Each structure stands twice: as structure tokens, then as C-alpha cells.
Amino acid sequence: MKIVLDTNVIVSGLLSPYNAPGEIVRMVSSGILKLCYDARILSEYRSVLLRPKFKFDPEHVDALIDQIETCGCIAASKPLPEKLPDIDDEPFLEVALAGKASCLITGNLIHYPIKLRQGVKVILPVKFIDIYRKTTL
């Protein structure tokens with residue numbers, strides 16, 4: 001299953017590995033889920049994860065980014081016809097569309113107004129885990 005992860009889900013998953021975001025990050029790491037990305041998303045992941053406040057080991061961050069590049073799905077996207085409230089969120093929706101992702105998982109649904117989603121399913125991590133368990137068990 002192809003998905004797009006907002007940066008806040010990766011950060012939350014790495015900080016608290018036993019919550020829903022942590023489970024999603026483990027599923028991506030194990031290859032159960034295929035992460036769609038582009039250069040802008042990888043750049044954001046790297047820059048946010050390397051912020052001193054998180055104290056993540058830079059070698060671990062590099063390994064995670066390498067793993068995403070190796071096992072994920074790069075998507076060549078095009079600009080959205082209408083801007084999102086926060087332009088920094090646009091690459092995630094653009095990649096979800098271009099990569100034909102099953103969903104975009106975020107902790108900030110408000111950043112992706114329903115009328116601007118263009119049919120992309122945008123869901124919270126806990127909702128994704130619930131749906132995943134119901135459809136795969």
C-alpha cells in the first residue's frame with residue numbers, strides 16, 4: 001500500500017515508537033507500507049529531524065532517509081490548482097496525487113481542507129491504523 005506521511009507523523013513516531021505514528025513508521029521501515037516522496041519531502045524530513053531539539057542521531061536520520069529512498073516510491077508531481085493554507089504542506093498533497101497514494105497521513109487535518117484535497121484521503125494516524133487493521137486481518 002502506497003502512502004504519504006506528513007513530517008509531523010514521522011517525528012511523532014520516532015519520539016514515541018509505541019503510538020499510532022510509531023506503528024506507521026515501523027510499517028514503513030519493514031516494507032509493509034511504501035512511502036511516496038519527492039526531493040522536497042526528503043529535504044523537509046531531513047531538516048526537521050536534524051533540529052537540535054529532537055536530539056536524533058544524524059547517522060540514524062541519514063539511514064532513515066536512505067531507507068525511504070531505497071524502498072519508497074518517488075513521485076514526479078505538478079503544482080496544485082489551488083493553494084493550501086500552508087504552502088509547506090503542498091508537496092505532500094501533490095505527491096499523494098502523483099504517486100496515486102492510498103492516503104496522506106497527518107496529525108494536522110486542518111492543513112488540508114476537504115474542498116482542496118482533490119479526492120485524496122487525508123487521515124489521522126490512529127484512523128489509518130484502525131482502517132489498516134480492519135482491512136488486513
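Helices (H or I, at least four residues) and strands (E, at least two) are DSSP runs, numbered from the N terminus. With that in hand, here are some exercises.

This is a predicted model, so residues are numbered from 1 along each chain as its sequence is written, local features need pLDDT of at least 70, side-chain atom pairs count only at pLDDT 80 or more, and totals for chains, interfaces and linings use all residues. Side-chain values use heavy atoms, with hydrogens and water left out.Exercise 1.

Start with the element: Glu59 lies in helix H4. Next comes accessibility, where buried means under 20% relative accessible area, exposed over 50%, and partly exposed in between (1.4 Å probe, protein chains only).

**Exercise 1. Work out the strand order of the open sheet.**

Two strands pair if DSSP finds at least two bridges between them. Go pair by pair:

- S1 (residues 2–5) and S2 (residues 34–37) are parallel, with two bridges; Lys2 has Lys34 as its bridge partner in S2.
- S2 also pairs with S3 (residues 73–74), again parallel and over two bridges; here Tyr37 is partnered by Ile74 in S3.
- S1 is joined to S4 (residues 103–105) by three bridges, and these strands run parallel. Opposite Val4 stands Leu104 in S4, and opposite Leu5 stands Ile105 in S4.

Put together, the five strands form an open sheet in the order S3-S2-S1-S4-S5, with parallel pairing. S3 and S5 (122–123) are the edge strands, each pairing on one side only.

**Exercise 2. Which residues have the most contacts inside the largest nonpolar core?**

A nonpolar core is a set of buried Ala, Val, Leu, Ile, Met, Phe, Trp, Tyr and Cys residues joined through side-chain atoms within 4.5 Å. The largest one has 45 residues, and Ile3, Leu5, Tyr45, Leu104, Ile105 and Phe128 have the most contacts inside it. Helix H3 (residues 39–49) gives the largest share of this core, five residues. For a closer look, pick Ile105, using contact in the sense of heavy atoms within 4.5 Å. Leaving out residues up to four places away in sequence, Ile105 touches Ile3, Val4, Leu5, Asp6, Val9, Ile24, Ile123, Leu124, Pro125 and Phe128. As background, nonpolar side chains in soluble globular proteins tend to be buried together.

**Exercise 3. Why are the buried residues of H3 on the same side of the helix?**

First list them: Ile41, Leu42, Tyr45, Val48 and Leu49 are buried in H3. They cover an arc of only 140° around the axis, so they lie on the same side of H3. The arc is that of the directions from the helix axis to the C-beta atoms.

**Exercise 4. Classify the ring pair of Tyr45 and Phe92.**

Rings of Phe, Tyr and Trp (its six-membered ring) pair if their centres lie within 6.5 Å; planes under 30 degrees apart count as stacked, over 60 as edge-to-face and the rest as tilted. The whole structure holds three aromatic pairs. For Tyr45 and Phe92 the ring centres are 6.5 Å apart and the planes are at 35°, so this pair is tilted. The pair links distant parts of the chain, with Tyr45 in H3 and Phe92 in H5, 47 residues apart. Both Tyr45 and Phe92 are buried.

**Exercise 5. Where is Lys55, and what is its phi?**

Lys55 is in the loop between H3 and H4. Its phi is positive, about 60°, although Lys55 is not a glycine. At 74% relative accessibility, Lys55 counts as exposed.
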